[in-house]
Amino acid sequence: MDLENWMGNLKDVIWNKKLSDIVIPGTHDSGTYCINSNSKRTKLLPDLQCLNPLVGLIGAPWARTQQYSIADQLVNGVRYLDLRVLLDSDEEKFYLVHSFEGGEFWKELEGVAEFVQKHPTEVLILDMNHIYYCNENDVRGMLKRVEGMFGNKLCSPPIPGSSVKTYGEMIDSNQTVIVAITEYPEQDNSKYVYADLKNQFSWLWGSEANVVSPWGNSDDVTQLHENLKKSMAEPRVPDSVHVAQTILTPQTKDVVIGLFEEPSNLEQLAEILNVHLQDWFGEFHKDYNLNIAIVDFLTPALIEYLVNLNSTK
């Protein structure tokens, strides 16, 4: 299957479907593929003093959530990216993070922009649902540069209460990139007013208002399944896309037990869940109109399964 151009290849099937009615593969913490024990820890981690030398060895394997680079994720069919952005004040650079610094933000985004230019039939959602340690000037500067990279490809959010655009409308208007940021910067030690940014950047989506993404927050497969079914059964917001976070969340006890037995890292934890996901995706598509599914250590086989669901309903 040609996953690199799957939306264009399925245009006859998805053309008149709202983006919220298309099954879209996504990755969780998309920019963490390069995290390793030598990666720089961020201020998001507590200062453990005497244990600090061990933090990278113990913590990094639980922070890395993907095996493929963002460029490879896109080529393999991923169309939703979960981007956690942090401003490293020491280096004055933006990084994609998950407790540790992963990919450098602008280098990764340049690759995304290159993909967009080469693939006019593919729609991307860039969800910056966490922005850490930034002030309003930092964020304005960042969004101005994002605007310069994607230009008229940026798709504005729907008017509150109306529906998101169809795939065909996005393609016809040549607006194939959605960029969202969190409206609640205080939780990330940042300071800005989303409404003020929205006035300047009309194309900006709200990561909470327009990208509904409830967190299952469980390390147990059965409990996560129940949590997901409960959240997906809730009435849909018409002016939003909807994310199913099909991921297990490691708890402190998992990290401690992992020092002595498997799972000893997030990849092994994800393997426990991912063997169930084809069955879950089929169920969620049938019963709850599955939209975006994000996965840790997402494989081309799971992406292909998700893509093929678009032809079954």
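Glu104 makes contact (heavy atoms within 4.5 Å) with Lys93, Phe94 and Tyr95, once its neighbours within four places in sequence are set aside. The residue belongs to strand 4, which spans residues 100–104. Helices (H or I, at least four residues) and strands (E, at least two) are DSSP runs here, numbered from the N terminus. Glu104 has a relative accessible area of 19%, so it is buried. For accessibility, buried means under 20% relative accessible area, exposed over 50%, and partly exposed in between, with a 1.4 Å probe and protein chains only.

A word on the model itself: it is predicted, so local features need pLDDT of at least 70 and side-chain atom pairs count only at pLDDT 80 or more, while totals for chains, interfaces and linings use all residues. Residues are numbered from 1 along each chain as its sequence is written, and side-chain values use heavy atoms, with hydrogens and water left out.

**Asn274 and its partners**

Asn274 lies in helix 11, and at 16% relative accessibility it counts as buried. Beyond four places in sequence, Asn274 is in contact with Val295, Asp296, Phe297 and Leu302. Take Asp296: 22 residues separate it from Asn274 in sequence, and the C-alpha to C-alpha distance is 8.3 Å. The Asn274 side chain reaches the backbone oxygen of Asp296 at 3.0 Å.

**Backbone details**

Phe297, one of the contacts of Asn274, has a positive phi of about 50° although it is not a glycine. Phe297 sits in the loop between strand 10 (292–295) and helix 13 (300–309), and its 5% relative accessibility makes it buried. Tyr133 also has a positive phi, near 60°, and is a residue other than glycine. The loop between strand 5 and helix 6 (136–150) holds Tyr133, which at 21% relative accessibility counts as partly exposed. The peptide bond from Glu262 to Pro263 is cis, with omega near 0°; Pro263 is in the loop between helix 10 and helix 11 (266–274).

**The nonpolar cores**

A nonpolar core is a set of buried Ala, Val, Leu, Ile, Met, Phe, Trp, Tyr and Cys residues joined through side-chain atoms within 4.5 Å. The largest one has 86 residues, and those with the most contacts inside it are Leu19, Leu126, Met128, Phe150, Ile181 and Leu290. Helix 5 (residues 105–118) provides the largest share of this core, seven residues. Apart from it lies another core, of five residues, including Ile35, Ala60, Ala63 and Phe100. In soluble globular proteins, nonpolar side chains tend to be buried together.

Not counting residues up to four places away in sequence, Leu290 touches Ile22, Val23, Met232, Arg236, Ala244, Phe281, Phe284, His285, Leu306 and Leu309.

**Pockets and a cavity**

Both kinds of space are found on a 1 Å grid over the protein atoms alone: a cavity is a set of points where a 1.4 Å probe fits but cannot get out, a pocket is an open set with protein on both sides within 12 Å along at least five of seven lines, and lining residues have an atom within 4 Å of a point. Grid points are joined across faces, edges and corners, and a volume is the space filled by probe spheres set on the points. Ala, Val, Leu, Ile, Met, Phe, Trp, Tyr, Cys and Pro count as nonpolar, Asp, Glu, Lys and Arg as charged, and the others, Gly among them, as polar.

| Space | Volume | Lining by class |
|---|---|---|
| Largest pocket | about 1,200 Å³ | 25 nonpolar, 13 polar, six charged |
| Second largest pocket | about 180 Å³ | 10 nonpolar, four polar, two charged |
| Largest cavity | about 40 Å³ | four nonpolar, four polar, no charged |

The largest pocket is lined by 44 residues, with Trp62, His98, Ser99, Thr249 and Pro250 nearest its centre. Helix 3 gives the most to this lining, six residues. In the second largest pocket, strand 9 gives the most, with four residues. The structure holds one cavity of 30 Å³ or more, and the largest cavity is lined by Thr27, Gln66, Tyr68, Gln73, Asn76, Val78, Leu298 and Ile303.

Conventions. A polar contact is a pair of N or O atoms within 3.5 Å; within protein, one must be able to donate a hydrogen and the other to accept it, and residues adjacent in sequence count only if both atoms are side-chain atoms.
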